[in-house]
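Hi everyone, thanks for making time this morning. I'd like to walk you through one structure, so please have a look at it on the screen.

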Amino acid sequence: MSKDTTLPDNARHTPISMDGNPTIDERANHCFGCGPANPQGLHLHFTTDTSNPQAITATCHFQLDRMHEGPPGHIHGGIVAALLDEAMSKLNRPLNVLAMTRHMEIDYLRPVPLYKPLVLIGRHLSRPAKADGTPGRKFFHQGEIQLPDGTVLARSKGLFIAIDEKLLAAGLAQTET
Ligand SMILES: CCCCCCCCCC(=O)SCCNC(=O)CCNC(=O)[C@H](O)C(C)(C)COP(=O)(O)OP(=O)(O)OC[C@H]1O[C@@H](n2cnc3c(N)ncnc32)[C@H](O)[C@@H]1OP(=O)(O)O
């Protein structure tokens with residue numbers, strides 16, 4: 001079935017502007033977590049702190065509404081996972097790597113409220129060296145969703161694997177429909 005191109009982008013589930021063969025950067029522009037061009041996205045904006053290279057952080061202040069509800073009045077658990085994944089992934093660029101989530105685990109400590117200002121923080125934990133002592137491909141990060149007073153509502157630990165940008169581009173091209 002052909003697509004209806006008469007509807008404005010913000011009225012579509014999948015906007016027409018997301019079709020075609022975009023570059024990796026254009027795809028990131030539509031990232032569900034942070035892409036400004038994704039009308040259905042979370043539009044998260046992070047500030048990174050690289051002053052201590054051993055403990056780089058990425059911080060985002062955000063607030064969600066019923067669009068992302070799970071338990072009444074609270075954020076859906078899958079969205080909590082997406083928030084934590086996004087916070088951790090934001091550490092990769094300041095670490096000068098392109099990396100994808102290989103594994104993540106989450107502690108859902110308290111229900112995460114809608115309509116309240118919240119803080120999302122990613123912290124780089126470690127990058128183990130290879131057996132020969134050279135820098136490894138594995139990046140371990142932590143994510144947290146906090147109330148403004150520092151109470152931790154959800155916490156994640158993630159393993160990100162550095163990938164070659166050319167391989168990523170080739171892989172994405174193969175998945176075009
Ligand atoms: C343009 C921007 C792109 C980034 C956007 C960021 C968006 C936000 C982040 C995401 O959500 S990314 C989307 C979700 N992730 C994916 O879709 C990734 C899907 N998985 C893959 O494509 C591949 O598995 C991947 C490229 C990540 C890695 O494949 P490889 O074949 O290169 O590695 P492998 O699977 O062998 O795993 C690498 C290492 O991790 C180890 N490993 C796996 N699970 C582990 C675990 N649980 N604990 C410790 N180590 C673990 C594994 O044993 C291995 O160790 P060794 O290298 O020492 O052998």
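Let me begin with a word on terms: I say that two strands pair if DSSP finds at least two bridges between them. Please also keep in mind that this is a predicted model.

With that in hand, let's look at the strands. β4 and β5, the latter covering residues 138-146, pair in the antiparallel sense over 7 bridges.

Now to the core. The largest nonpolar core has 25 residues, and V80, L84, A87, V112, L120 and I145 have the most contacts inside it. Which elements each supply at least two residues of this core? They are β2, α2, β4, β5 and β6. The largest share, 5 residues, comes from α2.

Finally, the ligand. There are 14 residues around it, and S89, M100, T101, H103 and I161 come nearest. By class, this shell has 7 nonpolar, 3 polar and 4 charged residues. At least two shell residues come from each of α1 (24-29), α2 (77-89), β3 (99-108) and β6 (152-162), with β3 giving the largest share, 4 residues.

That's my tour, and I'm happy to take questions.

Note on methods. Residues numbered from 1 in each chain as written. Predicted model: local features only at pLDDT ≥ 70, side-chain atom pairs only at ≥ 80, totals over all residues. Near = placed C-beta within 6 Å. Nonpolar A, V, L, I, M, F, W, Y, C, P; charged D, E, K, R; others polar. Core = buried A, V, L, I, M, F, W, Y, C linked by C-beta atoms within 7 Å. Buried ≥ 20, exposed ≤ 12 C-beta atoms within 10 Å, placed from the backbone.
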